[in-house]
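Visitor: Could you walk me through this structure, please?
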Amino acid sequence: QVQLVESGGGLVQAGNSLRLVCAASGLPFSGYAMGWFRQAPGKEREFVAAIPWSGDSTSYAPSVKGRFTISRGNAKNSVYLQMNSLKPEDTAVYYCAIKPPWRQEYRYWGQGTQLTVSS
């Protein structure tokens, strides 16, 4: 059974940094991309960042580019999101997700971790 577990959320003041961690287990395949998404209260879930299996490229939403950095662990089954210069508008539940190599969309999702940025 595929399982993704996020951790590292919390309450921080604007301007500070935080790192989110996502650990995946139970995957019967490799070659998958991993991504981070977020959903703020009353809003739809939105893309934040993504990284392929190789880890040799990254993509970001314009709202976080230059402040957030996505990376993968050496074992490939973990993904991190380093968030710097946090803003109140970054407040959301953050989800990590996995996109299998044969699919165009993300198929597996974690339960999410709450980030609250106070002004």
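Guide: What follows is a short talk about a few residues and their surroundings.

Guide: This is a predicted model, in which local features need pLDDT of at least 70 and side-chain atom pairs count only at pLDDT 80 or more, while totals for chains, interfaces and linings use all residues. Residues are numbered from 1 along each chain as its sequence is written, and side-chain values use heavy atoms, with hydrogens and water left out.

Visitor: Where is Arg72 found?
Guide: Arg72 belongs to strand E7, residues 68-72, where strands are DSSP runs of at least two residues, numbered from the N terminus.

Visitor: Is Arg72 buried or exposed?
Guide: Arg72 is buried, that is, under 20% relative accessible area with a 1.4 Å probe and protein chains only, whereas exposed means over 50% and partly exposed lies in between.

Visitor: Which backbone oxygens does the side chain of Arg72 reach?
Guide: The Arg72 side chain reaches the backbone oxygen of Tyr32 at 2.8 Å, and that of Lys76 at 2.6 Å.

Visitor: And where does Lys76 lie?
Guide: Lys76 lies in the loop between E7 and strand E8 (78-83), and its phi is near 70°, a positive value in a residue other than glycine.

Visitor: Why does Lys76 count as partly exposed?
Guide: Lys76 counts as partly exposed because its relative accessibility is 22%.

Visitor: Changing topic, what is the phi of Ser85?
Guide: Ser85 has a positive phi of about 50°, although Ser85 is not a glycine, and this residue is found in the loop between E8 and strand E9 (92-99).

Note on methods: Helices (H or I, at least four residues) and strands (E, at least two) are DSSP runs, numbered from the N terminus. Lys and Arg count as positive and Asp and Glu as negative; His and the chain ends are not counted. A salt bridge is a side-chain nitrogen of Lys or Arg within 4 Å of a carboxyl oxygen of Asp or Glu. A polar contact is a pair of N or O atoms within 3.5 Å; within protein, one must be able to donate a hydrogen and the other to accept it, and residues adjacent in sequence count only if both atoms are side-chain atoms.
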